[in-house]
Each structure stands twice: as structure tokens, then as C-alpha cells.
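Please open the model in a viewer and keep the sequence panel at hand.

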Amino acid sequence: MITVSDLSLRFGKRVLFDEVNLKFTTNNCYGIIGANGAGKSTFLKILTGEIESTTGHVSVEPGKRMAVLKQDHFEYDEHPVIHTVMMGHKEMYTIMQEKDELYLKPDFNEEDGIKASELEEKFAEMNGWMAESEAGEVLSGLGIPTSKHHMLMKDLSNTEKVRVLLAQTLFGNPDILVMDEPTNDLDIETVNWLENFILNFPNLVIVVSHDRHFLDAVCTQIVDIDFSKISLFGGNYAFWYESSQLALRQQQNQNKKAEERKKELQEFIARFSANVKKSKQATSRKKMLENLNLEEIKPSSRKYPAIIFVQEREAGDQVLNVSQLTLEPYFRDISFNLTKGDKVFLYSQHGIITSKFYEVLNGDIEPDSGSIEWGVTINQAYLPNDNEKYFKSDLSLVDWLRQYSEEKDETFIRGFLGKMLFSGDEALKQCNVLSGGEKVRCMISRLMLANPNMLLLDEPLNHLDLESIIAFNNSLKDYKGTAIFTSHDHKFVQTIANRIIEIGPNGLVDKRTEFDTYIEDSSIEERRKELYLGLTLET
């Protein structure tokens, strides 16, 4: 459906990518990956015609309709929600407006009648009479209740607007779906709905995302931007990542014979092929793997931060006792005990509830009632969702991190910053000019300095690139201490949590289980719904 020929993009002397030749075909989902600054979003904008390349061209098959996920949350503020969704099929919506305007004419004549008849025919061909009900189905699937379908966009919360814009993109069965970070601001259950939608989508999908579970679930091919080149690999993100790591290990082991390396690669490919569960992935990957040149698998140039949490002391048996904790209107009568080694996924349908809970645990705000009792051996460290207050100064990163360290030696401080990829002059940047991802990496350095045996992590992966997410994920899996964490990253939650605590205004559900088992447990479905009855918070 899309052909990219001899494409290059340069900014002055900097070459973002060069000599790109790709074909994007129907019934496939392409995940575009690359380190921060590699040009993922820029490449998407070239594909959609928003910006032009330096050389080469992009051609879209004639007659194919492309839908692009909009990032402007205010563009449709004066439009009803249901109409905003239907605008995703621009031609159909324009015809609908034209015929409605004709029928409203006070001097409607025979010529208008002929024109209206022609429009009605086109409208019917586009299945226009089912448009409103189909738009409603997509909205409901994305968690927008029927009661809000005819509200104005400006009356929705920002999270709800994101879901409506996503519904607009999905509406009307476009031939090509282009989405930049579609899972941002979506809860895990809504992301699961989107995964299933894309898996059953018969056309072409091109997506940029930091959500590994999402990329693994939907992608049949990976488009990797690295070494100023754009390369195509069969399979999902996990296959690309594991193969690049295997290639790196083989490169480092030069003594291994060529036959041994080839056998290791073939066994690796066979294992991944056998583990594919979804038919769309399996068919595509089988074809790609049959034709794969083993020499094409190369190590990545990406750098992964070294995130290592070391406990200053091992915790005793008493970690945390929460009793009848209440903060209206967010949560009420929350009681639980933590035991050593618990890794708790703290979950709520509303992020503000979990953030308020962390603030109470950390002592930043007082609860209305109830008590919190930490064990005497516990040294807890907190990573808040909103970290702005920590960076309101012009200190260099070295001086900023020195504030949180007993050891003030610059070499020591630079060592921690270096682990988070702030090396050389990067460590002298002023902390108030950092990007969102850089601020989170600084906050992680601060956590590591604390040597905690208890971690409180409110959306720790926000703003991080895939390399930092993977490093954090691996670190928390290896961490011997106790943790309470909240995240929208399904894979992060599934690979770390051994206990789920879901909280709301009407209490909690506490289950010692993996997350996938928890969300599929029909026996607690009604109890989970009861947690939020009567809640009027914005989503």
C-alpha cells in the first residue's frame, strides 16, 4: 500500500536516515522503533505527507484512505463527541453535511432534490446510515460511555479526548492506520481492547509506541531506525530485541565457530516461531523467518542505562501496615499488610487515586483518617509521577544529584549519572532544561543513591525510551527488596508484580497473583466495579 523509494532526510550536516527503500503491505502491522532522536515520529510525518524528505519519495496506492491519530486535543472542542469520531471518514462526513444542509434549505427545489439523491446514494455506498452506531461502538470499546457520546469535546477530560481521537482514527475501516504513541493515557484494559482491534484489523497499520506488550501483541514486522538506516525485520518487538542481544553476544565471542553461531541462531528462531500464539503474527513471521538471512541480524547501537538498586540493609519481617486509610473522595477504608519481597501493582481506573495514595504513604499529605506504620528496618524511596518541583533550579546535574548523596565527591556523583547515560559534559547540563525522560533518569539516580529496601514508584516509566524501560524492568525483576508500583506498561506489570491491590472510593481488592490472571478473573469482576460506584472524578 505504501512504497518508500531512495528516501533520505538531512538537517544541515546531520543525516537522520539515508537511502531508505521499503514497502508497507496490507494485513501487516509495522512497529517503528529507534533510540530517542533517531527520527521515529519524523519518519511517520514523512509517510503521512506532513513533512517532506530531502530526497526520494513516498507513494501511497491510489484510492486508499489513510487515517492518522491526531495529537491536538483541542482541535474539536466545539464539536459533539460522536461527530468528532465520524469526522475520521472525512469524505463520508462531508457528504453527510452537504445533504443535511440541502434538506434544511427553505427554498428546496427540484435541482436540490437531484443533488440530494446523488449524495444519498454515495452516503449509502459508504455505509453512512450505520456510521453513528459504529462510531458509538468504537467509543464504548474505548471506555467512553453512551451518556457522553453527544457531549461537546471541550466538556471531556484530557484522557477522554485522547480516547475520542483514537476512536476517530479507527472509525470507518480505513485502508491505512498511522498512530504515534496510541497507548499514551490509556489504562491497561483499554490497551487490551485496542490490541484486539488491531489484531482483527484486515488492512495496514504503522505505529510508534514505547509499550512493549502492545508492540509484541500487534506487530508482524519491526522497522528499526539505527545507524542512520531504516531496516525491516519479521516478527514483533521481543523477537527483534532478543535477536539483537544474541547478535551482540555472538559478536563479543569471536572464538565461536561459524557453524555454532548459525546453529544458535536457527534454534533461537525456531523457539520464537513455536511461541507465536496469534494467527496474524504467526503467518507473517513464518514467511519472514523462512527467508531470513542470518547475517542480517546485527547488534544494535543503542545504549542501555545501568539501573541497579542495592539495599543498604535487608528488611525485617514487618514492612508496612496500612489500617483504615481514607482520603475523600479518592479512597476509603484501605487496609493491608506488606510482607518482605512483595512486589505490589497498585491499580485504579483513575490515576489520580493512586497518585494521592502514594502522597499519603510518603507523608506529603495527611489522610482524613486511618494509620500507616512502617517497619523499623524500612528505608523507603519514592519516585513521584509529577517531579517538576525537584527541578526548579539552575544547578548542574552533578550539583543537583550531590544534594541527595552523603558522599559529595564529584567522581562518585558522576559515576551514578554515568550509569544513567549522563557522561562528560552531559553531567554539567542545568537541571531546569532537561527533557521529561532526562528528569526521570535523574530521579532514578536519586533512588539508587538511597540504597532503599522499599520502593514507591508512581508511573516510573513515563517519558522513558524503550532502552530505559527495559533496563528498569530488568532491574526491578532482580531487586530483592519490596516495592509498590503503578504503571500503564502491561509487560512491566506482568513480569514484576506478585500481588495486585486495586483501590477506589469503596475499598480495595487484594489478590496475590499475576496481573493477567487478575484481569481475567471473573469471580472478582463485580467487586472491582463496586470500587468505583458513585465516583465523579475525571478519568
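Begin with the whole chain and its contacts, where a contact means heavy atoms within 4.5 Å. Among contacts between residues at least 6 apart in sequence, 70% join residues at least 24 apart. The model is a predicted one, in which local features need pLDDT of at least 70 and side-chain atom pairs count only at pLDDT 80 or more, while totals for chains, interfaces and linings use all residues. Residues are numbered from 1 along each chain as its sequence is written, and side-chain values use heavy atoms, with hydrogens and water left out.

**The whole chain**

Display the C-alpha trace and orient it along its principal axes; the spans are about 85 × 65 × 50 Å. The radius of gyration, taken over C-alpha atoms, is compared with a globule rule of 2.2 Å times the number of residues to the power 0.38. For 539 residues a compact globule would have a value near 24 Å, and the 26 Å of the chain agrees with this.

Colour next by secondary structure, for which helices (H or I, at least four residues) and strands (E, at least two) are DSSP runs, numbered from the N terminus. The chain comes to 19 helices and 18 strands.

Then switch to a surface. Accessible areas come from the Shrake-Rupley method with a 1.4 Å probe, and for residues only the protein chains shown count as cover. The chain exposes about 25200 Å², of which carbon and sulfur atoms supply 47%. In relative accessible area, buried means under 20%, exposed over 50%, and partly exposed in between (1.4 Å probe, protein chains only). By that criterion, 51% of the 539 residues are buried.

For the charges, Lys and Arg count as positive and Asp and Glu as negative, whereas His and the chain ends are not counted. Each charge is placed at NZ of Lys, CZ of Arg, CG of Asp or CD of Glu. The mean positions of the 60 positive and 84 negative charges are 7 Å apart.

Select N127, in the loop between α4 (110-125) and α5. Its phi is near 60°, a positive value in a residue other than glycine. N127 is partly exposed, with a relative accessible area of 37%.

Move to L156, in the loop between α5 (131-141) and α6 (158-170). Is L156 buried or exposed? At 6% relative accessibility, L156 counts as buried. Leaving aside neighbours within four places in sequence, L156 is in contact with V81, K148, M151, K161 and V164.

Continue to N173, in the loop between α6 and β6 (176-180). N173 also has a positive phi, near 50°, in a residue other than glycine. With a relative accessible area of 47%, N173 is partly exposed.

**Second stop: the strands around β10**

Select residues 320-327 and 331-338, which are β10 and β11. Two strands pair if DSSP finds at least two bridges between them; here five bridges join the antiparallel strands. The two form a hairpin with three residues between them. Within this pairing, V322 has F336 in β11 as its bridge partner. In the loop between β10 and β11 lies P329, and a cis peptide bond, with omega about 0°, joins E328 and P329.

S371 in β13 is the bridge partner of S323.

Select residues 343-347. Five of the five residues of β12 are buried, so the strand is largely enclosed by the rest of the structure. K343, F345 and Y347 point one way, and V344 and L346 the other.

Which strands flank this selection in the parallel sense? One is β16 (residues 482-486), joined to β12 by three bridges, with A483 opposite K343. Another is β17 (residues 499-504), paired over four bridges, with E502 opposite Y347.

**Last stop: N474**

Finish at N474, in helix α16 (residues 466-478). N474 is partly exposed, with a relative accessible area of 33%. Include T495, 21 residues away in sequence and 9.1 Å away in space, C-alpha to C-alpha.
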